[in-house]
Amino acid sequence: MKMPILSLYSSPARETKYVENPQTQLEEGVSHLRHAMEPYTAWCQDLYAKAKPQLEKAVEQGCEFLQNPPDGFYPRLGVIGFAGILGLFLARGSKIKKLVYPAGFMGIGASMYYPQQAVAVAKVAGTQLYDWSLQGYIAVESLWKDNAKKKKPGKKDDKVRSRRNLISGLGENMEEYQ
């Protein structure tokens, strides 16, 4: 019996065919979500690319500042930090209190040491808060007007109106008899 000679350098021709599995519903959902979120992720990446050099510069300046701080910086920092801890201690209960009290106490502590900067921040924050409240008022007003226009009189409203008319008619008739 003669053995076939197997070549070390050649391989037999294979007839294989690659078949891709169909996408599952989850994969389709993730793909749709990724395509829908693509503009937002691109915006975030662009924002990060613009902010990264500025953040690096701020960190570098911050390190230099902490290496050579002005006189009395660390005691002031301690008082402001203690005010924040005190605010956190007093803010038991609500999560909103836990945000507002420490920030408020730290703001008060910082404004004692840096009054000119506090006034500047208060002016900007006040203007910004006014703008936000005005935008909110306009949005609520437009929603209120849209709902009033869309509201169609239904059976319940007709009943209420007819009762009001009946009562007002009785009141007018009662005045005539008196």
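First, the ground rules. The model is predicted: local features need pLDDT of at least 70, side-chain atom pairs count only at pLDDT 80 or more, and totals for chains, interfaces and linings use all residues. Residues are numbered from 1 along each chain as its sequence is written, and side-chain values use heavy atoms, leaving out hydrogens and water.

Confidence next. pLDDT is the predictor's confidence in each residue, from 0 to 100. Here the mean is 82, and 77% of residues reach 70 or more. Helices are DSSP runs (H or I, at least four residues), as strands are (E, at least two), numbered from the N terminus. Helix H1, residues 25-67, has the highest mean pLDDT of the elements, 93. Helix H5, residues 155-177, has the lowest, 50. Over residues 170-178 the pLDDT is below 50. That stretch has zero contacts (heavy atoms within 4.5 Å) beyond near neighbours in sequence. Where pLDDT is low, the predicted coordinates should not be read in detail.

Now the rings. Rings of Phe, Tyr and Trp (its six-membered ring) pair if their centres lie within 6.5 Å; planes under 30 degrees apart are stacked, over 60 edge-to-face, the rest tilted. The structure holds three such pairs. Phe65 and Phe73 sit edge-to-face, 5.0 Å centre to centre, with 90° between the planes. Phe73 also pairs edge-to-face with Tyr74, at 5.4 Å and 65°. So which residues do ring pairs link into a cluster? Phe65, Phe73 and Tyr74.

How accessible are they? Buried means under 20% relative accessible area, exposed over 50%, partly exposed in between (1.4 Å probe, protein chains only). Phe73 is buried at 15%. Phe65 is partly exposed at 37%, and Tyr74 is partly exposed at 45%.

One record to mention. An unreviewed UniProt entry lists residues 73-91 as "transmembrane region"; positions follow the numbering used here, feature names are shortened, and annotations may be inferred rather than shown by experiment. In the model, residues 73-91 are 95% helix and 0% strand, with end C-alpha atoms 27 Å apart.

Last, salt bridges: a side-chain nitrogen of Lys or Arg within 4 Å of a carboxyl oxygen of Asp or Glu. The count is two. Lys50 and Asp46 meet at 3.6 Å, N to O. They are four residues apart in helix H1, about one helical turn. Lys50 is exposed at 57%; Asp46 is partly exposed at 38%. Glu141 and Lys145 meet at 3.8 Å, N to O. Both lie in helix H4, residues 115-150, again four residues apart.
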